[in-house]
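Take a look at the chain below. We will walk through it step by step.

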Amino acid sequence: MDIIFLRDLRIETVIGIFEWERRIRQTISFDLEMATDIRRAAASDSIEDTLNYKAVAKRLIEYVGNSDFQLVETLAERVAEIVMQEFGVPWLRLTVNKTGAVRGARDVGVIIERGDTDGKGGG
């Protein structure tokens, strides 16, 4: 298994349970590790043979930017579903960071893993 990753993908969205959070946009940071096999792309040197991380980022920016979930847990599940279903990723580890959400803590959020590393899609 090879991993293509995106780190600190920052997207502004409406997220939170409090009334004041529902009226503003907050920056959420995403780290994604996505399983793939890079051998075909390495041999062909062609973007068509790999997981296009720019396309993943563009799709997530559009989706998350238009979302308005209350919980980061819900947002994480939806993002994982998009990446796995739309980009054929069999396994991913996703960190969703709502920086500054807790006074005294720099980072707070969730880390989820979905799928499996053998490419069979279980989880």
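Predicted model: local features only at pLDDT ≥ 70, side-chain atom pairs only at ≥ 80, totals over all residues.

Start with a sorting rule: Ala, Val, Leu, Ile, Met, Phe, Trp, Tyr, Cys and Pro count as nonpolar, Asp, Glu, Lys and Arg count as charged, and the others, Gly among them, count as polar.

Now the overall plan. The protein has four helices and four strands. Along the sequence they follow the pattern β-α-β-α-α-α-β-β. The C-alpha atoms fill a box of roughly 50 × 25 × 25 Å, taken along the principal axes. The protein has 123 residues, and 37% of them count as buried.

How much space lies in the largest pocket? The volume is about 300 Å³. This largest pocket is lined by 19 residues, and the closest to its centre are Glu-21, Val-72, Lys-98, Ala-101 and Val-108. Apply the sorting rule to the lining: ten residues are nonpolar, six are polar and three are charged. Helix H1 (19-22), helix H4 and strand S4 (109-115) each supply at least two residues of that lining.

Stay with helix H4 for a moment. Val-79 lies in this helix. Is Val-79 buried or exposed? Buried means under 20% relative accessible area. Val-79 has 0% relative accessibility, so it counts as buried. The C-alpha atoms of Val-79 and Ala-105 are separated by 24 Å, and the two residues are 26 apart along the chain.

Ile-17, Phe-18, Trp-20, Ile-24 and Leu-71 make a nonpolar patch of about 500 Å². Take Leu-71 from this group. Leu-71 sits in the loop between helix H3 (53-65) and helix H4 (72-87). Its relative accessible area is 42%, so Leu-71 is partly exposed.

Charged side chains come next. The count of salt bridges comes to 13. Follow Arg-59 first. The side chains of Glu-62 and Arg-59 meet in a salt bridge, at 2.9 Å from N to O. These two residues are three apart in helix H3, so about one helical turn separates them. Arg-59 also meets Glu-86 in a salt bridge, at 2.7 Å from N to O. How exposed are the partners? Arg-59 is partly exposed at 22% relative accessible area. Glu-62 is partly exposed at 44%, and Glu-86 is partly exposed at 44%.

Salt bridges can also join up. Arg-7, Glu-33, Arg-93 and Glu-113 are linked in a network of them.

Arg-10 forms a salt bridge with Asp-8, and the closest N and O atoms are 3.0 Å apart. Arg-10 is exposed, with a relative accessible area of 57%. Asp-8 is partly exposed, at 37%. Asp-8 belongs to strand S1 (residues 2-13). What is the phi of Asp-8? It is positive, about 55°, although Asp-8 is not a glycine.

Asp-45 has a positive phi too, of about 60°, and is not a glycine either. Asp-45 lies in the loop between helix H2 (39-44) and helix H3. With a relative accessible area of 72%, Asp-45 is exposed.

How values were computed. Residues numbered from 1 in each chain as written. Heavy atoms only, no water. Patch = residues over 30% accessible without salt bridge, like charges linked within 9 Å, V, L, I, M, F, W, Y side chains within 5 Å. Areas by Shrake-Rupley, 256 points an atom, 1.4 Å probe, with all protein chains shown as cover. Salt bridge = Lys/Arg side-chain N within 4 Å of Asp/Glu carboxyl O. Buried < 20%, exposed > 50% of the residue type's maximum accessible area, 1.4 Å probe, protein only. 1 Å grid on protein atoms, 1.4 Å probe; cavity = no way out; pocket = protein on both sides within 12 Å on 5 of 7 lines; lining within 4 Å. Points joined across faces, edges and corners; volume = space filled by probe spheres on them.
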